[in-house]
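Subject: Structure for you to look at

Hello,

I am handing over a structure that you have not worked with before. Please look at the sequence and the model first, then read my notes below.

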Amino acid sequence: QVQLVESGGAWVQPGGSLRLSCVASEPTDAMGWHRQAPGKERELVASMSRGGSTTYRDSVRGRFTISRDHGKNMVYLQMNSLKPEDTAVYYCNAYSAIRGRWSWGQGTQVTVSS
């Protein structure tokens, strides 16, 4: 499967910003970010197709921006105006049409608190 490695998670105060990065071991089609808070189910945060179409969950729209660098097999998540409820482990995922499956990274912790 495609190997994905995330980075950029950290502790940040409310209102702050973070940029998450994820590098894939090979070119992929759709890529995205999910998150999972303690005691909650994993949820989609944002995704981007190879053609550039984006999807955002309502609670992050206008604050988070997903982008990709196809040449580097990377996807980014710029997170602004962070709130305590954004605290979660953030996972990168990617779909490979060649392999016919989704792959997941190991996750990176984002903590928003004062």
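The notes below go from the overall fold to the core, then to one hairpin and the salt bridges.

Please keep in mind that this is a predicted model.

Overall fold

The protein has eleven strands and zero helices. Along the sequence the pattern is therefore β-β-β-β-β-β-β-β-β-β-β. Taken along the principal axes, the C-alpha atoms fill a box of roughly 45 × 25 × 20 Å. The radius of gyration is 13 Å, which agrees with the value near 13 Å that a compact globule of 114 residues would have.

Of the 114 residues, 39% count as buried. The accessible surface comes to about 5900 Å², and carbon and sulfur atoms account for 47% of that surface. I also looked at contacts between residues at least 6 apart in sequence: 54% of these join residues at least 24 apart.

Core

The largest nonpolar core has 26 residues. Within this core, W33, L77, M79 and Y90 are the residues with the most contacts. Several strands each supply at least two residues of the core: β3 (18-24), β4 (31-36), β5 (43-48), β7 (64-69), β8 (74-79), β9 (88-96) and β11 (108-112).

The hairpin of β9 and β10

Strand β9 also pairs with strand β10 (residues 101-104), in the antiparallel sense and over four bridges. In this pairing A94 stands opposite S103 of β10. The hairpin has four residues between its strands, and G100 takes a positive phi near 70°.

Salt bridges

The count comes to six salt bridges in the model. Three of them are described here, beginning with the two that involve R35.

R35 forms a salt bridge with E43, and the closest N and O atoms are 2.7 Å apart. How exposed or buried are the two partners? R35 has a relative accessible area of 5%, so R35 is buried. E43 has a relative accessibility of 25% and therefore counts as partly exposed.

R35 also forms a salt bridge with D86, where the closest N and O atoms are 3.0 Å apart. This pair links distant parts of the chain, since R35 lies in strand β4 and D86 in the loop between β8 and β9, 51 residues apart. D86 counts as buried because its relative accessibility is 1%, and buried means under 20%.

E43 has a further salt bridge, in which its side chain meets that of R57 at 3.4 Å, N to O. This pair, too, links distant parts of the chain: R57 is in the loop between β6 (54-56) and β7, E43 is in strand β5, and the two are 14 residues apart. R57 counts as partly exposed, at 27% relative accessibility.

Which residues do salt bridges with shared partners join into one network? The network consists of R35, E43, R57, R63 and D86.

Regards

Note on methods. Residues are numbered from 1 along each chain as its sequence is written. This is a predicted model: local features need pLDDT of at least 70, side-chain atom pairs count only at pLDDT 80 or more; totals for chains, interfaces and linings use all residues. Side-chain values use heavy atoms; hydrogens and water are left out. A nonpolar core is a set of buried Ala, Val, Leu, Ile, Met, Phe, Trp, Tyr and Cys residues joined through side-chain atoms within 4.5 Å. Buried means under 20% relative accessible area, exposed over 50%, partly exposed in between (1.4 Å probe, protein chains only). A salt bridge is a side-chain nitrogen of Lys or Arg within 4 Å of a carboxyl oxygen of Asp or Glu. The radius of gyration is taken over C-alpha atoms; the globule rule is 2.2 Å times the number of residues to the power 0.38. Contact means heavy atoms within 4.5 Å. Accessible areas come from the Shrake-Rupley method with a 1.4 Å probe; for residues, only the protein chains shown count as cover. Two strands pair if DSSP finds at least two bridges between them.
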